[in-house]
Amino acid sequence: MKMDPKTIKVAIITASDKGFAGEREDLSGPAIQEMMEEKGFTVTGITLTSDDPDMLKEAMINLADNKGADIILTTGGTGFTSRDNTPDATRAVIDRDAPGFPEAMRAESIRITPRGMLSRGTAGIRGRTLIINLPGSVKAVKECLAVIIDALQHAVEMINDGQNCAERFNG
C-alpha cells in the first residue's frame, strides 16, 4: 500500500565530538532535515551525540524502539579515523543489512571524487526502522541523500509489509 510520506517519521543523528562539545555548529543534520521535509517526510528532530560508540548505539536504539522512528539518518563518523564509530555502532544495533543504500551512495561519490571510496557508511534494519549512515560534510550529505531519497518511502513500505505507518500505529 502506498504511504503518505508525512506519516513516515524520520530521526536524524549527528555524530560529532566537536559538535557535541559545542565547538562546531551542526550543519549536516539541518541539511538532511531540509531535504527530507522538501520530499514531504516528517522529521521528528536532530539528536547530537559525540562519536562515542555506546552513545551512538543508545541513541539509535532509543529512536527506533522507544520513539517509533521509521527512518534514522546518521551523519558523521563514517571515515577511517579512530573516532569514526558510526558504522560499527549501526552494525551492532541492526537485525538485517540493507547494503544497497551505501553501495549506491559510494558509487555516486566515487564519480565525484576518488575519496568517495573512503566512506565506511552502512545501512540496515532494526525492527521496523531503517538506519542509514550518511557522510559528515554538508556537500557529501546532499550528494549522497539525493541518490537514495526517492527509494526511502518504498523501503519503509516494504519493511512494514505493505502496511502504512498510520495503520500500523492506529489500527
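**Helix packing and the sheet in a predicted model**

In helix H5, Phe101, Ala104, Met105, Glu108, Ser109 and Ile112 meet Lys139, Glu143, Cys144, Val147, Ile148, Ala151, Leu152 and Ala155 of helix H6, where contact means heavy atoms within 4.5 Å. By class, this contact of H5 with H6 has 10 nonpolar, 1 polar and 3 charged residues; Ala, Val, Leu, Ile, Met, Phe, Trp, Tyr, Cys and Pro count as nonpolar, Asp, Glu, Lys and Arg as charged, and the others, Gly among them, as polar.

The model is predicted: local features need pLDDT of at least 70, side-chain atom pairs count only at pLDDT 80 or more, and totals for chains, interfaces and linings use all residues. Residues are numbered from 1 along each chain as its sequence is written, and side-chain values use heavy atoms, with hydrogens and water left out.

H5 spans residues 100-112 and H6 residues 138-159; their axes come within 9 Å and cross at roughly 145°. Axes are lines fitted to C-alpha atoms, for helices over the stretch in contact, and angles run from 0 to 180 degrees between N-to-C directions. Helices (H or I, at least four residues) and strands (E, at least two) are DSSP runs, numbered from the N terminus.

The strands form an open sheet of 6, in the order S2-S1-S3-S6-S5-S4, with mixed pairing; two strands pair if DSSP finds at least two bridges between them. Strands S2 (42-49) and S4 (96-97) are at the edges with a single partner strand each, so one side of each has no neighbour in the sheet. Strands S5 (residues 123-126) and S6 (residues 129-134) run antiparallel and are joined by 4 bridges. Ala123 has Ile132 in S6 as its bridge partner.

Helix H3 (residues 53-66) packs on this sheet, touching S1 (9-15), S2, S3 (71-75), S5 and S6, and its direction makes about 175° with that of S1. H5 also packs on the sheet, where it touches S5 and S6; its direction makes about 25° with that of S6.

In helix H4 (residues 86-93), Thr86, Pro87, Ala89, Thr90 and Val93 are buried, meaning under 20% relative accessible area, against over 50% for exposed and in between for partly exposed (1.4 Å probe, protein chains only). Seen down the axis of H4, these buried residues fall within an arc of 160°, so they line one face of the helix. The arc is that of the directions from the helix axis to the C-beta atoms. Their cover includes S1, H3, S3, S5 and S6.
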